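Thanks for coming. I will go through one model this morning, so please have a look at it first.

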Amino acid sequence: MPPEPQPVDLPATAEIPAAADRSASGRTVAAARLPLRRRLLPVLALLLLAPWAAECSWGGFAIDDFLPVLIFLGPMYGGAAILIRETARHLGAGWPTIVLLAAAFGVLQAGLVDQSLFNPHYLDDTQYADTRAAAEASLVPGLEFSLRQAFDYVGNHIVLTICAPIALVESFLGPDRRLRPWLGRPGLAVVAVLYLLGSLLIFASDGGRKNFLASPLQLTFAAVVVLALVATALLPRWRRPAPRRPRRLPHPLWLGLLVVLVRLGADLAPGWAGVTIALGLAVVVGAAIAYWSSGVHWAQRHVLAAGSASVVSAAAFAYLVPPYSPGNPTAALAGDVAVTVITVALVGGAWWRLRRASPTVHVGAS
């Protein structure tokens with residue numbers, strides 16, 4: 001995802017005004033002036049949208065499992081999305097911080113909480129048991145985890161669990177609220193406890209970690225990667241205003257198609273060749289988005305296109321993939337149709353909200 005946009009009223013050759021570099025305390029005070037209901041509504045939306053996007057948007061569950069997913073996975077997935085978003089906004093940082101923290105969450109979740117990254121039998125009791133052979137074709141020697149699965153698990157947490165829900169929810173807000181923190185310290189403490197309890201539930205449950213415990217070396221490796229990503233995300237450089245440049249930008253829809261290309265390219269070849277192609281495409285598309293996002297005409301609609309493309313492609317492929325557990329085909333089809341309806345409503349509503357709120361406002365990157 002690109003750096004976070006901020007409103008700009010200067011000419012195309014100007015830099016972001018100094019007012020855009022507000023302090024964390026100033027943001028917190030401004031957020032506190034909003035009514036509690038207005039601050040909590042986007043929090044609740046993100047709390048529910050994150051688990052739905054992570055597990056339901058691609059067809060992982062039938063329609064009768066949607067509510068249990070939101071109840072049991074909402075505290076962990078939704079709590080993480082809120083904490084990551086609020087950390088970036090309180091620091092005055094943008095999308096680089098969000099993406100790096102999302103990657104840290106992905107490694108934390110797959111490596112330390114449910115430990116699916118290191119458990120070769122994690123999917124054996126699902127309809128994806130036949131993917132084990134393909135995963136083992138890219139095992140990392142010594143650490144014994146599949147690089148292909150690491151790309152899928154961590155990548156999906158970045159784009160589906162964290163970035164897409166944040167981009168969607170923020171697009172429904174006006175420019176004056178999009179970059180503000182929603183919660184103060186008491187609210188953040190409550191969400192942090194909620195996230196910890198949700199993660200502990202998954203770690204301790206039979207259906208979460210599945211009675212598997214990774215080796216000390218594997219756990220240490222995952223912990224080091226998480227700490228390195230968090231430390232990088234909190235670097236002061238991400239809070240400094242960046243100069244805007246008069247660059248020609250693609251239409252937001254073309255930007256979304258580029259993100260979809262990464263998903264399609266990830267399945268072009270098996271084994272190490274496939275992982276190399278997937279990583280290469282992700283790096284190229286990510287670099288292109290970072291380049292375009294420094295242009296003066298980069299707007300929230302570009303952020304929405306890049307963020308929502310992963311949900312749209314996941315919803316499109318939901319009809320072609322089975323849910324985790326075999327069940328009633330009618331319920332599975334109803335779930336896929338519901339995914340389509342929800343996705344169209346969310347993305348279409350966000351586009352409509354942006355055009356209605358500020359159809360001509362250009363934004364810059366923080």
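First, the conditions. This is a predicted model, with local features needing pLDDT of at least 70 and side-chain atom pairs counting only at pLDDT 80 or more, while totals for chains, interfaces and linings use all residues. Residues are numbered from 1 along each chain as its sequence is written, and side-chain values use heavy atoms, with hydrogens and water left out.

Now the aromatics. The structure holds eight aromatic pairs; a pair here means rings of Phe, Tyr or Trp (for Trp the six-membered ring) with centres within 6.5 Å, and planes under 30 degrees apart are called stacked, over 60 edge-to-face, and the rest tilted. F61 and Y324 are edge-to-face, because their ring centres are 5.3 Å apart and their planes stand at 65 degrees. This pair links distant parts of the chain, with F61 in the loop between α2 (36–56) and α3, and Y324 in the loop between α12 and α13, 263 residues apart.

Y128 sits in the loop between α4 (95–113) and α5 (132–136), so the pair ties together parts 196 residues apart in sequence.

Are these two tyrosines buried or exposed? Buried means under 20% relative accessible area, exposed over 50%, and partly exposed in between, with a 1.4 Å probe and protein chains only. Y128, at 16%, counts as buried, whereas Y324, at 21%, counts as partly exposed. W58, F61, Y128 and Y324 form one aromatic cluster.

Next, the helix. α3 covers residues 66–91 and bends by about 65 degrees at G74, with a proline, P75, following within four residues. The bend is the angle between axes fitted to the seven residues ending at a position and the seven starting there. After α3 comes G92, with a positive phi near 75 degrees.

On the surface, L320 lies in the loop between α12 (300–317) and α13 (329–357), and counts as exposed because its relative accessibility is 66%.

Last, the arginine. R148 is in helix α6, residues 147–171, and counts as buried at 17% relative accessibility. Leaving aside neighbours within four places in sequence, R148 is in contact (heavy atoms within 4.5 Å) with S138, A266, D267, A269 and V275.

Technical notes:
Helix = DSSP H or I, 4+ residues; strand = E, 2+ residues; numbered from the N terminus.
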